[in-house]
Amino acid sequence: YGENNLEPNKEVFVERKIHHEGFGSEKSAKERAILPQKDVLAFMNGQIDLDDYYAKMAAEGMYSEKSRAAMKKIAVEVNEMIQKKKLQPIIRTSYYRCAFQRSDDNKVRVSLDTQMSLLNE
């Protein structure tokens with residue numbers, strides 16, 4: 001999120017969204033883990049030690065234990081899926097997003113994406 005000026009320590013997100021609205025009583029879920037931008041390739045290649053990464057995060061007092069555990073869980077699950085299915089990045093999307101919704105209700109959200117770039121990897 002925000003500007004990406006290729007800062008190596010900029011935090012980026014590994015994210016999974018599951019939408020359930022209109023498909024029963026379950027709520028939608030957005031789960032995300034944080035990684036430094038410089039570690040994304042190692043993450044994609046299965047070369048990052050996630051236990052060590054999240055232990056360092058704990059030692060530095062970053063985030064609550066509950067938040068770290070949730071981030072580690074999603075990072076491990078996504079990484080296992082990438083390795084198992086041999087997924088490779090093929091396109092990178094960059095854009096500015098402006099979103100509108102009522103402050104007291106999130107039933108409707110309108111997002112406008114501008115200055116969109118699709119880059120082959």
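In which helix is Arg68 found? Arg68 is found in helix α3. The legends below start from the whole chain and then return to this residue.

This is a predicted model, in which local features need pLDDT of at least 70, side-chain atom pairs count only at pLDDT 80 or more, and totals for chains, interfaces and linings use all residues. Residues are numbered from 1 along each chain as its sequence is written, and side-chain values use heavy atoms, with hydrogens and water left out.

**View 1. The whole protein has 3 helices and 4 strands.** From the N terminus the order is β-β-α-α-α-β-β. Helices (H or I, at least four residues) and strands (E, at least two) are DSSP runs, numbered from the N terminus. The C-alpha trace spans about 40 × 35 × 30 Å along its principal axes. Of the 121 residues, 18% count as buried. Buried means under 20% relative accessible area, exposed means over 50%, and partly exposed lies in between (1.4 Å probe, protein chains only). The protein exposes about 9,700 Å², and carbon and sulfur atoms supply 53% of it. Areas come from the Shrake-Rupley method with a 1.4 Å probe; for residues, only the protein chains shown count as cover. Among contacts with a separation of 6 or more, residues 24 or more positions apart account for 43%. Contact means heavy atoms within 4.5 Å.

**View 2. The largest nonpolar core has 15 residues.** A nonpolar core is a set of buried Ala, Val, Leu, Ile, Met, Phe, Trp, Tyr and Cys residues joined through side-chain atoms within 4.5 Å. Ala33, Phe43 and Tyr54 have the most contacts inside this core. Two or more residues come from each of β2 (29–36), α2 (50–59) and α3 (65–85). Helix α3 gives the largest share, 5 residues. In soluble globular proteins, nonpolar side chains tend to be buried together.

**View 3. Phe43 is one of the core residues with the most contacts.** Residues up to four places away in sequence are not counted here. Phe43 then touches Val14, Leu35, Ile48, Leu50, Ala75, Val78, Asn79, Ile82 and Gln83.

**View 4. Tyr53 and Tyr54 form an edge-to-face pair.** A search of the whole structure finds 1 aromatic pair. The ring centres of Tyr53 and Tyr54 are 4.9 Å apart and the planes stand at 90°, so the pair is edge-to-face. Rings of Phe, Tyr and Trp (its six-membered ring) pair if their centres lie within 6.5 Å; planes under 30 degrees apart count as stacked, over 60 as edge-to-face and the rest as tilted. Tyr53 counts as buried at 17% relative accessibility. Tyr54 counts as buried at 4%.

**View 5. Arg68 is a buried residue of α3.** Its relative accessible area is 15%. Leaving aside neighbours within four places in sequence, Arg68 is in contact with Tyr54, Met57, Ala58, Met62 and Tyr63. Tyr63 sits in the loop between α2 and α3. Tyr63 is partly exposed, with a relative accessible area of 36%. Its phi is positive, about 65°, although Tyr63 is not a glycine. Most residues other than glycine have a negative phi, and most peptide bonds are trans.

**View 6. Arg32 lies over the face of Phe13.** The distance from the ring centre is 4.2 Å. A charge sits over a ring if NZ of Lys or CZ of Arg is within 6 Å of the ring centre and within 35 degrees of the ring normal. Phe13 lies in strand β1 (residues 11–18). At 30% relative accessibility, Phe13 counts as partly exposed. Arg68 and Phe13 are 55 residues apart in sequence and 13 Å apart in space, C-alpha to C-alpha. Phe13 and Pro89 are 76 residues apart along the chain, with their C-alpha atoms separated by 15 Å.

**View 7. Strands β3 and β4 run antiparallel.** Strand β3 covers residues 91–102 and strand β4 covers residues 105–120, with 10 bridges joining them. Two strands pair if DSSP finds at least two bridges between them. A hairpin joins β3 to β4 through 2 residues. Arg97 has Asp113 as its bridge partner in β4. Phe100 stands opposite Val110 in β4.

**View 8. Gln115 has a positive phi in strand β4.** The value is near 50°, in a residue other than glycine. At 61% relative accessibility, Gln115 counts as exposed.
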